[in-house]
Amino acid sequence: MDVERARPDRPTESADGTEYLPDASYLLDSRFLMRYTRECLLVHQAPPEDPSDRRIVYANEPLCDLLGVVSEKELLGRPILDFAHPESAPALRVPITAKKLGSFVPPREAILLRADGTAFRAEIAAVSILWENGRIATQSMVWDLTDRDESIDHRLALEHTQGGVLVYQDDRVVWMNRAARDMAGASTDRDVIGRQIADFLHPNAVSETLKRRAMLLEIGDVAPQRELQLLRLDGTQFPGELVAVRTQWQGRPAIRVMVRDLTDRAESIDHRLAVEHTLDGLFVHQDGRIVRMNRAGVVMAGATSEEQMLGRPLTDFVHPDAIPAMQRRVAALTKVGDVAPAMEATLLRLDGTPVLAEVVAVRTQWRGRPAIQAAVRDLSDRAERRRTEREMKTIVESLDEGVAVVDRDSRVVRANLSARRILGVRDQDLVQPFFCQSIRLHEHSGDPVATDTHPVTEVLRTGVPRTGLVYRIDRRGHAVWISGSVRLLEPDDPHSPVLVSFADITVQHAAAEQARYDASHDPLTGLANRNLLQTRLDAALATARSTGASVAVMFFDLDRFKRVNDTFGHHHGDAVLVETGRRARVWARTGDCVARVGGDEFVVLVADGVTDVADAERRAHALRARLTRPLYHHGEQHHISASIGVVVLPPGEPRAAAEILREADAAMYQAKNQTRLPNSDGNPVHVISLRRRGDTNH
């Protein structure tokens, strides 16, 4: 509204014939208030030639955020119906037909559209106003009802709205905002909660209220505005304008009533209540001195009352370093409505302590003379929050562990550098829907983790944390082992995103695997050691009991091996042992186990396919033939021979692995004796069958 317009003493007609009241001398700039209020506000207007073509002429920053646009410029000139769902278009076509400024359309629910086309549920109220071009327009207030049942923001908006709002259920008050409490003359909730709604109605207004309530049958039904005589707690009367709507309170039917105090309409027009209860400090200075300051400004200045501030020079509350910039900004505001954009400045409290603040200034009028109105926001808490946020971000980014937040579509919405490094992905990969399920996890066994048992999927579905997880992932062809946990970011919110934390344990995993390998293998030859051999032998015996197969154990050592060590040194001896192990492993079949159990003692476990004692002996001779081939090391030729003892185990053999190995060891020494004693047959292979406990020499 152009506050520089002449202020006649009687109602004036606008350019389109609409009657309106002139500005009050106390009026604060309305566009300024609309821009810096926390409510979502827009103004739309139709050209005279087409009243149905309502287009946006103003939108404040909260509304831009709600509709998902960067700035007001993206909205100006666009039809209001561009942002209405087809189902709700009729609700936005309702004209304000009254000719008197202030005609009111009570709140109603509608489905709106954001700029990206997504729909959301909202509540819209509208009032006719006189716009800057001198023609009638519609100002709408929009509340986002996306999560009405649990929306703290919606209740907070009601708490700080300019009008009184109360909710009653079963004829008793269950909630009342600050403005309504002030109207009722109450100081706390306890003064009003639980009281009969009739306690606040003049006796002549009770029957009318009952009739209006009977009209409200379903959620969303609205009883149109009506002026009624109301009562304060002290019994004094005041006129009020009421709009009632059927709603719910904590899951049960209730009535929500919006009340406007009509005692001093001029004071309502100049938004005194809104100014007094805004969270930002507002003050007006004229000729360099403070002439008005709201409650938040008084608190910010460290004063106890507005009277302490009135008449004092503005420069008393500005840091000396900031005074020149402040004076330049004020000098640039030459006509009513000029705005100096937000700027950070250091101000001073009454006690001289500095406070960092954001200041926006606008040229206005105060009691018919030019003045400057400023909105001041204390940035002390914001600066501290920013510092804390920067510190936390630095901490998270410097962690060696990966940290990521995953939304309900398994899209990574935040991830630190370590997370991207460990996963080997780019930023653009993270934002893809269901990205987490695209990371293939593998168990220790090598089996992939199914999508429905993916830890992120499970936590999103159940809310139960998963900890102590260890998986393998493939990163550009390389195996990476990770350990981590998955839990809800907000455990008390079932719709919360999840927090995933994980560490790269590839080196530790490899060390653990190597330790497990070293514990079961001979360090020189890489063959199984005695412990692993006994484990494999027990398993082979168990399998034989169920399949009926025979198992053979071939125990051999190298004849005259000590001579190699003594003559050529231990490095030659080690080479002979390594080559012996390699030859035995080449000779063995898949499923057999080759082990080194002592200095020059080896065992081959033939786990399957041995038909009888003769078959076992043939195999033993074949093994010996491979072992006794000449061996060359550093130019020296070594002739190695071996003595082999064989034990054939029938199906169902009950003996333990350790006892069977002792039997095979004894058979090996029997074979060695057969090559040394003068009356023996010289056979270097000795086979026994435990079935009949007798030696069978071949």
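Modeller: Arg619 has its place in helix H20, where helices (H or I, at least four residues) and strands (E, at least two) are DSSP runs, numbered from the N terminus. The model is a predicted one, in which local features need pLDDT of at least 70 and side-chain atom pairs count only at pLDDT 80 or more, while totals for chains, interfaces and linings use all residues. Residues are numbered from 1 along each chain as its sequence is written, and side-chain values use heavy atoms, with hydrogens and water left out.

Is Arg619 buried or exposed? Arg619 counts as buried because its relative accessible area is 16%, and buried means under 20%, exposed over 50% and partly exposed in between, with a 1.4 Å probe and protein chains only. Leaving aside neighbours within four places in sequence, Arg619 is in contact (heavy atoms within 4.5 Å) with Met554, Trp587, Arg589, Val606, Asp608, Gly609 and Val610.

In soluble globular proteins, nonpolar side chains tend to be buried together. Val646 illustrates how the parts meet, for beyond four places in sequence Val646 touches Val553, Met554, Ala616, Ala620, Ala667, Val685, His686, Val687 and Ile688.

Elsewhere in the chain, strand S18 (residues 402-406) has 5 of its 5 residues buried, with Gly402, Ala404 and Val406 on one side and Val403 and Val405 on the other. Two strands pair if DSSP finds at least two bridges between them, and S18 is joined by 5 bridges to strand S22 (residues 498-504), with the two running antiparallel. Within that pairing, Phe502 of S22 is the bridge partner of Gly402. S18 also has 3 bridges to strand S19 (residues 412-415), again antiparallel, and Ala404 stands opposite Ala415 there. S18 and S19 form a hairpin with 5 residues between them, and in its turn Ser410 has a positive phi of about 60 degrees.

Helix H15 (residues 455-462) has as its buried residues Pro455, Val456, Thr457, Val459 and Leu460, and just after H15 comes Gly463, with a positive phi of about 80 degrees.

Finally, some care is needed over confidence, which pLDDT expresses for each residue, from 0 to 100, as the predictor's own estimate. The mean pLDDT of the protein is 80, and 84% of its residues reach 70 or more. Over residues 1-29, however, pLDDT stays under 50, although the model has 69 contacts beyond four places in sequence for this stretch. Over residues 692-698 the pLDDT is likewise below 50, and that stretch has 17 contacts in the model beyond near neighbours in sequence.
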